[in-house]
Amino acid sequence: MNSRLLFTILCTFLGLQISQAQYIGQPLNTDRPGFTYTPMTVGQGIWQWESGFEYNRRDTENFGDVRSWGLNGHLRYGVLETLEVMVSIYWTDFKTFISDSSFVQAGLNTPEVALRWNILDGESGPSLGLFANVGFSTLSSKDFESNEISSNVIGTFSIPVGERSSIGSNAGLTFFKESEESIFRATLNYSYAVSDYISVYGEWFGRFSEFTESNIIDGGVVLNFNSNLMADFEIGFDVSGNDTPFYILGGFGYRFGKRVY
């Protein structure tokens, strides 16, 4: 049933032929580096590359001391002014230390394909969107390969607060076909433009299911070098009390291609 719902949503996206004004000449708008997806699409005919690294330290009672690092890349393309497709790849290296022994997992981890629909671009008011993706663990490297197919359906929202700050939020569900598990996820993000080139933000990200609960608090800085190039840095902590995770990440985004009107 969940797969049929996602398929219906994706087909609806592909059938849309609407066009509305977008952020021409404004600074680069990315999903980096936090967990909150923006409602904004890249614009018809535009390509955008977003990439970064992450280091994670997690000292757990049941699974030992887990240290991991990873690289990720996201290629976005504007099919229509309000509709884009995105392909994501992840490389992950896990090292788990238990007593005097260690265990290593490394390789390509769950490639994803996504669609984003900018339902409402409020310009100076609220913006609404819908984000849906599918992850294929069957295409992962040997260490991460499984029969699991995961999917997300997420509503996105943002609203400016004054001239230099904004609030963004997400709410949606993650589905796992093989295990038949569903997880509710939500975010709340506040960002402030210190100048035309520097922004700072704070964010809450939560994941909740019958078996797990996670609350992450993170914050960071975004540097806009020009309207097509940005870099970022973030630090985050899980405050759920289950263990003691800590992570840092950084990366960049670059917009290129010829706009289609």
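I looked up which strands line the second largest pocket: β7 (149-161), β8 (165-176), β9 (181-193), β10 and β11 each supply at least two residues of its lining. Strands here are DSSP runs (E, at least two residues), numbered from the N terminus. The model is predicted, so to speak of local features I need pLDDT of at least 70, and side-chain atom pairs count only at pLDDT 80 or more, while totals for chains, interfaces and linings use all residues. Residues are numbered from 1 along each chain as its sequence is written, and side-chain values use heavy atoms, with hydrogens and water left out.

I noted a volume of about 1300 Å³ for the second largest pocket. Of its 46 lining residues, Leu-28, Asn-29, Ser-166, Ser-191 and Ser-199 are the closest to the centre. A pocket is an open set of points on a 1 Å grid over the protein atoms alone, where a 1.4 Å probe fits, with protein on both sides within 12 Å along at least five of seven lines; lining residues have an atom within 4 Å of a point.

**Strands next**

I then checked β10 (residues 198-208) and β11 (residues 213-226), which pair antiparallel over eleven bridges; pairing takes at least two DSSP bridges. A hairpin of four residues joins β10 to β11. Trp-204 stands opposite Ile-217 in β11.

What is the bridge partner of Gly-220 in β12? I found Glu-234. β11 and β12 (residues 229-238) run antiparallel, joined by ten bridges, and a hairpin of two residues links β11 to β12.

How values were computed. Points joined across faces, edges and corners; volume = space filled by probe spheres on them.
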